[in-house]
Amino acid sequence: SIWSVLGREIRVALLVATACGTVVGLVAWLWLGQWQLGLVVATSMFWGVSFAACLGGVLPFFFRRIGVDPAVACGPVITSTNDVISISIYLGISTLLMNLLGIGG
């Protein structure tokens, strides 16, 4: 059923997103010495990976429901949508956090 698949997908996505966000955020912080950058990167990575995993779990069901072969349609749609949303997440979070932390001009 879609709900059991989606539930599993969300649990795994949160674990992977937390691990990726933490590691990449720490690397950004240690590499450039700015904890604010590490926070922005970690938060963005968390939400980007979470969104991508949820999208990858839901779209096959959607395409099957409208009568399109999920194997053919999911690749380009998931890649394009995830790219646009991930960049938007990164830019939105960085703008928000920079404004909240008083960084930048």
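Buried means under 20% relative accessible area, exposed over 50%, and partly exposed in between. With those classes in hand, welcome to a set of close-ups of a predicted model.

**View 1. F46 and W47 form an edge-to-face aromatic pair.** A search of the whole structure turns up two aromatic pairs. In the pair shown here, the ring centres of F46 and W47 sit 5.0 Å apart and the ring planes meet at 85°, so the arrangement is edge-to-face. F46 has a relative accessibility of 21%, so this residue counts as partly exposed. W47 is also partly exposed, with a relative accessible area of 48%.

**View 2. Helix 1 meets helix 2 through its buried residues.** Here we look at helix 1, which covers residues 2–32. Its buried residues are L6, A13, A17, G21, G25 and A28, and they pack against helix 2. For a check on geometry, take 1.5 Å a residue: the 31 residues of helix 1 should span 45 Å, and the end C-alpha atoms are 43 Å apart, which agrees. Just after the helix comes G33, with a positive phi of about 75°.

**View 3. Helix 3 also packs against helix 2.** Helix 3 runs over residues 70–101. Its buried residues are P70, A73, C74, N82, I89, I93, S94 and L97, and helix 2 is what they pack against. At 1.5 Å a residue, the 32 residues of helix 3 should span 46 Å; the distance between the end C-alpha atoms is 43 Å, which agrees. G102 follows the helix and has a positive phi, near 75°.

**View 4. Five residues make up the largest nonpolar core.** The members to look for are L55, L59, F63, A73 and C74. Helix 2 (35–65) and helix 3 (70–101) are the elements that each give two or more residues to this core. The largest share, three residues, comes from helix 2. Let us stay with L55 for a moment: leaving aside neighbours within four places in sequence, L55 is in contact with P60, I78, T81 and N82.

**View 5. S44 is a buried serine in helix 2.** How buried is S44? S44 has a relative accessible area of 7%, so it falls in the buried class. Not counting residues up to four places away in sequence, S44 touches I89, Y90 and I93.

**View 6. C20 and C54 are cysteines without a disulfide.** How many disulfides does the structure hold? The count is zero. For C20, the nearest cysteine sulfur is that of C54, 14 Å away.

**View 7. Confidence across the model, shown by pLDDT.** The protein averages a pLDDT of 85, and 98% of the residues score at least 70. Where is confidence highest, and where is it lowest? Helix 1 has the highest confidence, at a mean of 87, while helix 3 has the lowest, at 85.

Terms used: Residues are numbered from 1 along each chain as its sequence is written. This is a predicted model: local features need pLDDT of at least 70, side-chain atom pairs count only at pLDDT 80 or more; totals for chains, interfaces and linings use all residues. Side-chain values use heavy atoms; hydrogens and water are left out. A nonpolar core is a set of buried Ala, Val, Leu, Ile, Met, Phe, Trp, Tyr and Cys residues joined through side-chain atoms within 4.5 Å. Buried means under 20% relative accessible area, exposed over 50%, partly exposed in between (1.4 Å probe, protein chains only). Helices (H or I, at least four residues) and strands (E, at least two) are DSSP runs, numbered from the N terminus. Contact means heavy atoms within 4.5 Å. pLDDT is the predictor's confidence in each residue, from 0 to 100. The expected span of a helix is 1.5 Å times one less than its number of residues. A disulfide is a pair of cysteine sulfur atoms within 2.5 Å. Rings of Phe, Tyr and Trp (its six-membered ring) pair if their centres lie within 6.5 Å; planes under 30 degrees apart count as stacked, over 60 as edge-to-face and the rest as tilted.
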